[in-house]
Amino acid sequence: MTTPADLHPRSRLVHDALREAGISGEIVVLPDAASTAALAAAALGVEVGAIANSLVFWSDGEPLLVMTSGAHRVDTAALAARLGRSSIVRATVEQVREATGQAIGGVAPTGHPAPLTTVVDEALAAFPEIWAAGGTPHTVFPLTYDELVRLTGGTVARVD
């Protein structure tokens with residue numbers, strides 16, 4: 001069993017943020033990187049739709065975290081219109097690291113240097129348990145849809 005002290009420092013930040021939010025899901029360290037929803041789903045033996053992808057975009061001068069079902073692609077034009085934003089574009093590797101303190105492929109919904117404006121894909125509500133990255137490409141953790149919305153303070157929306 002992995003203890004918080006055994007986790008990568010970025011994953012320890014995620015662990016601590018989960019506990020502060022009252023979420024008991026344990027961070028699981030995978031033997032192989034699960035940097036895509038398909039890889040994470042295969043490693044965990046769950047449907048790809050139950051993977052909560054953390055995608056960072058740049059919108060109206062600030063980072064925007066979109067927690068989307070692994071079964072969806074984000075329609076940035078439609079989402080911008082739904083949110084009343086001028087545009088939503090993929091963040092650069094540098095913008096992702098600066099906004100989250102984490103690397104692409106391991107971005108967690110929490111544990112960032114500062115809270116991020118977040119959108120949560122309504123499709124994730126269909127799953128009793130969802131899995132999100134734990135701060136590195138080798139770490140994931142389970143939580144419920146309601147916990148994800150509460151943890152991120154996210155706006156629930158259709159993203160595809």
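Reply: Helices (H or I, at least four residues) and strands (E, at least two) are DSSP runs, numbered from the N terminus. By that numbering, Asp 60 is in the loop between strand 2 (51-59) and strand 3 (62-69). This is a predicted model, in which local features need pLDDT of at least 70 and side-chain atom pairs count only at pLDDT 80 or more, while totals for chains, interfaces and linings use all residues. Residues are numbered from 1 along each chain as its sequence is written, and side-chain values use heavy atoms, with hydrogens and water left out.

Me: Why is Asp 60 called partly exposed?

Reply: Buried means under 20% relative accessible area and exposed means over 50%, with partly exposed in between (1.4 Å probe, protein chains only). Asp 60 has a relative accessibility of 42%, and therefore counts as partly exposed. Its phi is near 50°, a positive value in a residue other than glycine.

Me: What makes Asp 6 exposed rather than buried?

Reply: The relative accessible area of Asp 6 is 55%, so the residue is exposed. Asp 6 belongs to the segment before helix 1 (9-20). Between its C-alpha atom and that of Ser 59, 53 residues apart along the chain, the separation is 36 Å.

Me: Why does Gly 84 count as exposed?

Reply: Gly 84 counts as exposed because its relative accessibility is 66%. The residue sits in the loop between helix 3 (76-83) and strand 4 (89-90). Gly 84 and Ser 11 are 73 residues apart along the chain, and their C-alpha atoms are separated by 33 Å.

Me: Why is Gly 106 called buried?

Reply: Gly 106 has a relative accessible area of 0%, so this glycine is buried. Its place is in the loop between helix 4 and strand 5 (117-121). Contact means heavy atoms within 4.5 Å; leaving out residues up to four places away in sequence, Gly 106 touches Ala 133, Gly 134, Gly 135, Thr 136 and Pro 137. Gly 106 and Thr 36 are 70 residues apart in sequence, with 8.9 Å from C-alpha to C-alpha.

Me: How do you know whether Thr 100 is buried or exposed?

Reply: The relative accessibility of Thr 100 is 1%, and therefore the residue counts as buried. Thr 100 is part of helix 4 (residues 93-100). Among the residues that it touches, not counting those up to four places away in sequence, are Val 56, Val 107, His 112 and Leu 116.

Me: Why is Thr 118 called buried?

Reply: Thr 118 is buried because its relative accessible area is 5%. This threonine lies in strand 5, and its side chain reaches the backbone oxygen of Leu 116 at 2.8 Å. Apart from neighbours within four places in sequence, Thr 118 is in contact with Leu 65, Met 67, Thr 152, Gly 154 and Thr 155.

Me: Why is helix 5 described as largely enclosed by the rest of the structure?

Reply: Six of the eight residues of helix 5 (residues 145-152) are buried, so the helix is largely enclosed by the rest of the structure. The buried residues are Tyr 145, Glu 147, Leu 148, Val 149, Leu 151 and Thr 152. Gly 153, with a positive phi near 65°, follows helix 5.

Me: How do you know that the radius of gyration of the chain agrees with a compact globule?

Reply: The radius of gyration is taken over C-alpha atoms, and the globule rule is 2.2 Å times the number of residues to the power 0.38. For 160 residues a compact globule would have a radius near 15 Å; the chain has 14 Å, which agrees. The C-alpha trace spans about 45 × 30 × 30 Å along its principal axes. The chain has five helices and eight strands, and 48% of its 160 residues count as buried.

Definitions and conventions: Polar contact = N/O pair within 3.5 Å; in protein donor to acceptor, adjacent residues only side chain to side chain.
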